[in-house]
2 protein chains.
Amino acid sequence: MAQSKTAKQILDAAEALFAEQGFIETTMRQITKEAGVNLAAINYHFGSKQGLIQSLAEHFLKPFSEYIEQSLIERDALLDSSSLKMDELLELLMRALLHVNQESNHALLMFTRLLELAYLKSQEDLRLFIIGRYGSKLKPYIDLLRKQSALMEDDEFFWRLHFVMGSVIFTLSNYNMLSQIEKSKFDTQAEIERILHRMIPVLSAGMQARGDKLYFSRL
Amino acid sequence: MAQSKTAKQILDAAEALFAEQGFIETTMRQITKEAGVNLAAINYHFGSKQGLIQSLAEHFLKPFSEYIEQSLIERDALLDSSSLKMDELLELLMRALLHVNQESNHALLMFTRLLELAYLKSQEDLRLFIIGRYGSKLKPYIDLLRKQSALMEDDEFFWRLHFVMGSVIFTLSNYNMLSQIEKSKFDTQAEIERILHRMIPVLSAGMQARGDKLYFSRL
DNA sequence: TAATGTTTTAAACAAGTGATTGAATTTGCT
DNA sequence: AGCAAATTCAATCACTTGTTTAAAACATTA
């Protein structure tokens with residue numbers, strides 16, 4: 001058996017709690033209580049709390065990056081670099097995110113928490129782990145995104161990627177809390193889909209916008 | 001007794017540490033050690049750690065919102081709602097952020113941590129405190145932003161504001177860490193200024209982008 | 001069945017957290 | 001100066017964190 005019953009229960013409980021509260025805020029006692037297992041089970045099966053997080057990280061990042069890789073191959077985007085326009089590239093990204101979310105309805109938030117942890121918090125370990133493991137897999141996609149963006153220098157593109165990531169991560173992180181306040185939980189999956197789609201024309205316009213040199217001298 | 005020497009030292013140390021590490025990650029022992037005061041001083045002068053955070057919150061949010069209020073008055077934007085175009089509104093926002101940063105070079109990051117805490121973490125107390133205290137002051141600015149955006153429904157605008165906030169918060173949160181890695185700390189203030197200005201055309205295009213009818217039948 | 005390896009359990013550990021106390025000290029005022 | 005209020009201080013409290021331990025229970029297999 002590749003994965004014991006207890007380990008599976010821990011992963012499920014941790015996924016839900018991490019997605020809802022974040023990694024640091026979630027304690028091992030919460031996880032094990034929710035999972036109905038002993039406190040020591042996490043250390044026994046995953047070595048440490050960090051080990052549990054990394055285990056979950058692979059679980060979500062792998063299908064995500066593979067989905068993007070596969071999509072690019074299917075659509076021959078790697079041969080013809082102009083076959084996919086900006087809107088289509090972004091929609092592909094959104095589809096990849098939703099694909100991750102199909103495994104469980106917490107997956108997307110878990111995924112977001114991971115990036116949040118890797119980029120917002122000073123968690124250099126996890127950050128390097130993610131980049132080293134999935135950076136090369138995602139590079140072709142980034143390259144395509146670059147080609148469909150407005151003409152700009154490397155550092156300008158670098159920062160625009162941050163703007164895009166910020167929008168996605170921030171919005172999805174917030175969605176959880178906002179949905180509780182608005183109590184419009186009738187159809188979470190469809191609602192997330194709608195928000196992600198709202199981003200496409202906005203981010204597309206942003207990436208294609210001409211960088212205005214006027215501002216650099218004005219302030 | 002407007003502010004004792006000890007309280008001032010605590011505020012300075014807390015500002016630097018909070019900006020660098022975040023609120024939860026920074027302990028009272030770190031702050032008091034850095035400030036060269038006794039551990040109990042925080043509770044004596046601010047009641048609690050949360051009291052210290054709220055005190056700092058006011059210290060930064062007040063000049064920020066007042067700067068925006070004042071700028072709108074000076075430029076007669078409240079009388080003529082079309083006097084300021086989208087780019088100018090966003091530049092005004094960036095100027096307000098930089099204005100806050102003039103008091104100290106940690107101010108902008110502190111400011112960002114505050115919004116991060118209020119929006120990303122489930123800190124309902126601070127969230128309501130901020131909205132209740134500064135929401136009404138910033139409403140005129142939001143209204144102007146709305147008027148200069150593409151025609152859209154309320155919820156669409158609501159989410160686009162999130163996209164913008166996400167870009168700003170995420171990018172500024174990241175800047176601190178990235179600048180350490182790139183060790184290009186030659187001129188922090190100018191570098192932040194450059195990044196903020198990079199956002200203007202991107203965010204401007206995003207807010208003015210037409211919502212794609214393919215995804216929404218309502219608009 | 002008996003022995004062996006694996007898993008679960010309750011309890012405790014070590015290290016941290018923010019908050020509180022009461023005595024010592026400093027300060028401000030008449 | 002002297003007294004009262006304000007402030008500082010070391011010590012400690014009550015509590016939480018992730019982790020470890022060693023015995024108990026379970027599972028597997030020879």
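## Fold of chain A

Chain A has 10 helices and zero strands. Helices (H or I, at least four residues) and strands (E, at least two) are DSSP runs, numbered from the N terminus. Along the sequence the pattern reads α-α-α-α-α-α-α-α-α-α.

This is a predicted model, in which local features need pLDDT of at least 70, side-chain atom pairs count only at pLDDT 80 or more, and totals for chains, interfaces and linings use all residues. Residues are numbered from 1 along each chain as its sequence is written, chains are lettered from A and ligands numbered from 1 in the order in which they are written, and side-chain values use heavy atoms, with hydrogens and water left out.

## Size and packing

The C-alpha trace of chain A spans about 60 × 40 × 35 Å along its principal axes.

Of the 219 residues in chain A, 52% are buried. Buried means under 20% relative accessible area, exposed over 50%, and partly exposed in between (1.4 Å probe, protein chains only). Contact means heavy atoms within 4.5 Å. Among contacts in chain A with a separation of 6 or more, 72% join residues 24 or more positions apart.

## Charge

Chain A carries 25 positive and 28 negative side chains. Lys and Arg count as positive and Asp and Glu as negative; His and the chain ends are not counted. The centres of the two sets lie 3 Å apart, with each charge placed at NZ of Lys, CZ of Arg, CG of Asp or CD of Glu.

## Two domains

Chain A is assigned domain 1 (1-47) and domain 2 (49-218). Such bounds come from an automatic or database domain assignment. The C-alpha centres of the two domains of chain A lie 26 Å apart. Across the boundary, 17 residues of domain 1 are in contact with 18 residues of domain 2.

## Two residues

A:Gly211 sits in the loop between helix H9 (188-208) and helix H10 (214-218) of chain A. A:Gly211 is partly exposed, at 35% relative accessible area. Leaving out residues up to four places away in sequence, A:Gly211 touches A:Arg160 and B:Pro201.

B:Ile200 belongs to helix H9 (residues 188-208) of chain B. B:Ile200 is buried, with a relative accessible area of 0%.
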